[in-house]
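Have a look at the sequence and the model, then read on.

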Amino acid sequence: MTSIIRVDSIKTAANGTATAASLGIGGTGKIGQIVQTTKTDLFSTTSTSFVDVTGVTASITPTATSSKIYVILNGHANSSQASTQIYRLKLLRNSTSIGIPSGQVFESYGVSNAPQTFSTFLLDEPSSTNSVTYKLQCLVSGDTCYIGSFGPAVEAPTTLTLMEVLA
């Protein structure tokens, strides 16, 4: 049996406009907002210093300094050399490295086009009501590192999701 209640409006006892909080719907531990970006094209770099991975940047403005941001990053990385390659990934909040403190290290031993999946799940505390930007950076020890590559000529999406957790 299914029940449905339909109303045109809800008023408080004092005849004011009802809010989620006054109805007991909002509050601590609830998701306040979600921001997501998905990169569907291929990024490549030969840089031996960390560089921004274009298209894997998202900004969110917390509604309170007590809010936390749940960060989810998923994607694929690949190198082009059949010799040992090391490439590193780093997640930043504004200019501060978070989640992968010294840079996630991936190594490719004697295999080119051997993609590896990377994922990061992090509950961050920016303690701010200003816009906060999260982004992915990459460097490679030699030749080329690809982000969004899942084997030769096959691109795979990289997704960065930000969720405000209300406190």
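**Salt bridges at a glance**

K135 is buried, its relative accessible area being 18%. This lysine pairs with D52 in a salt bridge, with 3.2 Å between the closest N and O atoms. The model is a predicted one, and it holds 3 salt bridges. As a friendly reminder, side chains of opposite charge can pair when their charged atoms come close.

**D52 and K135**

- This pair ties together distant parts of the chain, 83 residues apart: D52 sits in strand β3 (residues 51-60) and K135 in strand β9 (residues 132-140).
- D52 has a relative accessibility of 35%, so it counts as partly exposed, whereas K135 is buried.

**R93 and D124**

- The side chains of R93 and D124 form a salt bridge, with an N to O distance of 2.6 Å.
- Here too the partners come from distant parts of the chain, 31 residues apart, with R93 in strand β5 (residues 85-93) and D124 in strand β8 (residues 116-124).
- R93 counts as buried at 18% relative accessibility, and D124 is also buried, at 6%.

**K39 and D41**

- K39 and D41 meet through their side chains in a salt bridge of 2.8 Å, N to O.
- How accessible is K39, buried or exposed? K39 is buried, with a relative accessible area of 5%.

Note on methods. Residues numbered from 1 in each chain as written. Predicted model: local features only at pLDDT ≥ 70, side-chain atom pairs only at ≥ 80, totals over all residues. Heavy atoms only, no water. Salt bridge = Lys/Arg side-chain N within 4 Å of Asp/Glu carboxyl O. Buried < 20%, exposed > 50% of the residue type's maximum accessible area, 1.4 Å probe, protein only. Helix = DSSP H or I, 4+ residues; strand = E, 2+ residues; numbered from the N terminus.
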